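Look at the structure below and keep it open while you read.

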Amino acid sequence: MDIDVMLCDHAEALEGKLFINGAAINLLFVSPQPPHVVAFSVAAVVQVPYNATNEPHTIVVRILDEDGRPVLPWVPDGAPPPVPVEMQTTFTVGRPPILPPGEAQTVPVAFSLQSLPLGHLGAYAVVVEVDGEPVRQLPFRLMTPPQAQPGPGIRPTDLPRLT
């Protein structure tokens with residue numbers, strides 16, 4: 001099964017369509033001190049082959065750290081331990097009688113992560129599995145925004161004198 005996946009600011013799958021805003025991100029800017037709260041979506045379009053219709057399929061999305069370990073949300077000291085970040089959905093695509101033999105069907109899928117607290121800056125990856133097989137890995141980096149460099153600006157002595 002083939003799948004196209006991207007990270008974006010917002011995604012929603014509705015009535016067989018995928019609505020995406022702010023697509024193709026790979027840098028997330030956060031405050032310098034933990035928790036580093038992120039919000040993003042995972043947008044996907046699954047190509048379901050003709051011979052894979054009328055059976056259930058599962059998509060799982062996980063976040064891994066730069067060492068390949070499942071990411072745990074940040075929690076304050078003394079809080080119960082969190083579970084790894086993981087989202088999943090199942091779907092079944094029928095085979096309409098008008099579908100020519102051998103033709104694939106598309107299924108839009110969207111996952112949303114809102115207000116996810118992470119404990120560390122650095123490299124991460126969103127891993128997408130379809131029916132237990134890893135099919136895509138999308139890297140992203142959590143970092144603080146670069147500091148703006150002051151420009152030359154205009155000094156009062158640069159302005160013409162009005163007389």
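Leaving aside residues up to four places away in sequence, Thr-53 touches Val-48, Val-93, Gly-94, Arg-95 and Gln-105. This and what follows is read from a predicted model. Thr-53 sits in the loop that runs between β4 (36–48) and β5 (56–65). Is Thr-53 buried or exposed? Its relative accessible area is 4%, and residues under 20% count as buried, so Thr-53 is buried.

The side chain of Thr-53 also has polar partners. One is the side chain of Arg-95, with which the side chain of Thr-53 makes a polar contact at 2.8 Å.

Which strands pair with β5? One is β6 (residues 86–92), which pairs with β5 in the antiparallel sense over seven bridges. Within this pairing, Val-61 stands opposite Met-87 in β6. Another is β8 (residues 122–130), which runs antiparallel to β5 and is joined to it by seven bridges. Here Ile-63 has Val-126 in β8 as its bridge partner.

Finally, turn to the largest pocket, which has a volume of about 260 Å³. It is lined by 15 residues, and those closest to its centre are Asp-65, Leu-72, Gly-119, His-120 and Tyr-124. By type, the lining consists of nine nonpolar, two polar and four charged residues.

Technical notes: Residues numbered from 1 in each chain as written. Predicted model: local features only at pLDDT ≥ 70, side-chain atom pairs only at ≥ 80, totals over all residues. Heavy atoms only, no water. 1 Å grid on protein atoms, 1.4 Å probe; cavity = no way out; pocket = protein on both sides within 12 Å on 5 of 7 lines; lining within 4 Å. Points joined across faces, edges and corners; volume = space filled by probe spheres on them. Nonpolar A, V, L, I, M, F, W, Y, C, P; charged D, E, K, R; others polar. Helix = DSSP H or I, 4+ residues; strand = E, 2+ residues; numbered from the N terminus. Buried < 20%, exposed > 50% of the residue type's maximum accessible area, 1.4 Å probe, protein only. Polar contact = N/O pair within 3.5 Å; in protein donor to acceptor, adjacent residues only side chain to side chain. Contact = heavy atoms within 4.5 Å. Pairing = 2+ DSSP bridges.
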